[in-house]
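Dear colleague,

Please find the structure below, handed over for your own work. My notes on it follow.

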Amino acid sequence: MMILRPIRQDDFQELLVIAEESGHGFTSLPLNEELLRNKIERSVESFSKPTAKAGDEGYLFVLEDSESGEIAGTCGIEAAVGLDDAFYHYHLSKVIHSSRTLGVYKAVDILTLCNDYTGATELCTLFLKEKFRQKFNGKLLSKSRFLFINQHRERFAPTVIAEMRGVSDENGNSPFWQWLEEHFFSMDFPTADYLTGIGQKVFIAELMPKYPIYVNLLSKEAQQVVGEVHANTRPAIELLKSEGFTFNGYVDIFDAGPTVEAKVDNIRTVMNSGMRTVVIGDAQGETPLMVANQSIADYRAIVVETSTDCHDDTTIILSQHAADALKVKKGDSVCVAAL
């Protein structure tokens with residue numbers, strides 16, 4: 001059984017393996033042992049911290065194979081971005097160049113540096129090992145965060161965003177960054193990406209162009225990747241789109257990957273979720289349901305395959321094995337959502 005739970009200190013080696021496998025462009029998991037340990041420590045503190053508003057908390061989860069004990073992947077939530085360090089994006093918009101006298105009318109795309117998502121909740125650090133990319137694992141890893149946010153609304157902002165990895169090659173070269181590097185920076189994309197991942201962002205404000213960038217002045221290669229995602233990220237963005245997330249013109253300042261957003265109330269899994277009372281019994285069937293407990297520090301989420309007549313509007317039948325995985329017992333309330 002695959003179980004999603006908060007990360008623990010003893011998951012460090014597994015997280016290090018994931019950081020190595022995730023490769024260039026995965027800013028939120030830098031290949032730095034000290035920083036990874038700090039991320040785990042911060043997450044453990046966030047899960048145990050009492051709070052009634054979105055602050056500097058960072059929640060990191062892992063997906064564990066209960067049979068082998070192997071960590072299959074990880075995902076995270078930043079409660080509110082940009083409160084300590086500036087959170088930058090480029091916003092893609094248009095300006096009109098027009099002259100009635102000359103009979104000229106031309107719409108031109110521009111990129112403007114901004115901090116518009118300051119204070120939003122961010123979905124981040126989603127990575128599933130290749131051998132586990134099957135069945136419901138990817139959906140559980142991604143969608144379980146929506147149930148956690150919904151059950152603990154006071155800890156998060158009303159707007160949720162997700163930055164999608166932009167286009168880069170196997171060596172970490174980004175066409176968009178290559179243009180920026182040539183004109184404004186003297187460092188390659190992996191270096192800039194790594195510095196951002198370890199929190200050294202001051203160079204962004206110091207070196208980034210302060211005025212809007214005309215997209216038609218970019219290289220042809222850079223123009224083609226604005227708002228596009230890395231091949232490995234396509235399943236993730238399609239899943240978020242199916243949840244109601246939309247692209248509103250905000251792109252990453254390094255690789256121009258899109259940032260998508262949604263209001264918590266409009267996320268499909270949130271709208272279609274409900275609370276059920278646990279009944280222990282035979283729950284075999286073919287309908288997959290995501291089930292999560294109501295805990296914070298002991299949060300657990302799994303997928304059960306049940307039959308449509310194994311539950312009604314008030315109860316859900318779980319096997320004892322599933323109930324143990326969720327750390328619940330008969331009569332407890334759980335949150336349920338269809339996959």
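**Charges over rings**

Arg37 lies over the face of Phe12, 3.7 Å from the ring centre. Arg133 likewise lies over the face of Phe127, at 5.4 Å from the ring centre. Please bear in mind that this is a predicted model.

**Aromatic pairs**

The structure holds 14 aromatic pairs. One of them joins Phe47 and Phe61 in an edge-to-face arrangement, with 5.3 Å centre to centre and 85° between the planes. This pair links distant parts of the chain, since Phe47 belongs to helix H2 (residues 33-48) and Phe61 to strand S2 (residues 58-65), 14 residues apart. Phe47 counts as buried because its relative accessibility is 5%, under the 20% limit; Phe61, at 0%, is buried as well.

Phe148 and Tyr299 also form an edge-to-face pair, at 4.9 Å centre to centre and 70° between the planes. Phe148 lies in helix H3 and Tyr299 in the loop between strand S12 (287-292) and strand S13 (301-306), so the pair ties together parts that are 151 residues apart in sequence. Phe148 is buried, with a relative accessible area of 0%, and the value for Tyr299, also buried, is 0%.

**Helix H8**

In helix H8 (residues 234-242), the buried residues are Ile237, Leu239 and Leu240. Viewed down the axis of H8, they fall within an arc of 155° and therefore line one face of the helix. Their cover includes strand S6 (121-128), helix H3 (137-151), strand S7 (159-163) and strand S10 (258-263). Just after H8, Gly244 adopts a positive phi of about 105°.

With kind regards

Terms used. Residues numbered from 1 in each chain as written. Predicted model: local features only at pLDDT ≥ 70, side-chain atom pairs only at ≥ 80, totals over all residues. Heavy atoms only, no water. Buried < 20%, exposed > 50% of the residue type's maximum accessible area, 1.4 Å probe, protein only. Helix = DSSP H or I, 4+ residues; strand = E, 2+ residues; numbered from the N terminus. Arc of directions from axis to C-beta. Contact = heavy atoms within 4.5 Å. Phe/Tyr/Trp six-rings, centres within 6.5 Å; stacked < 30°, edge-to-face > 60°. Lys NZ or Arg CZ within 6 Å of the ring centre and 35° of its normal.
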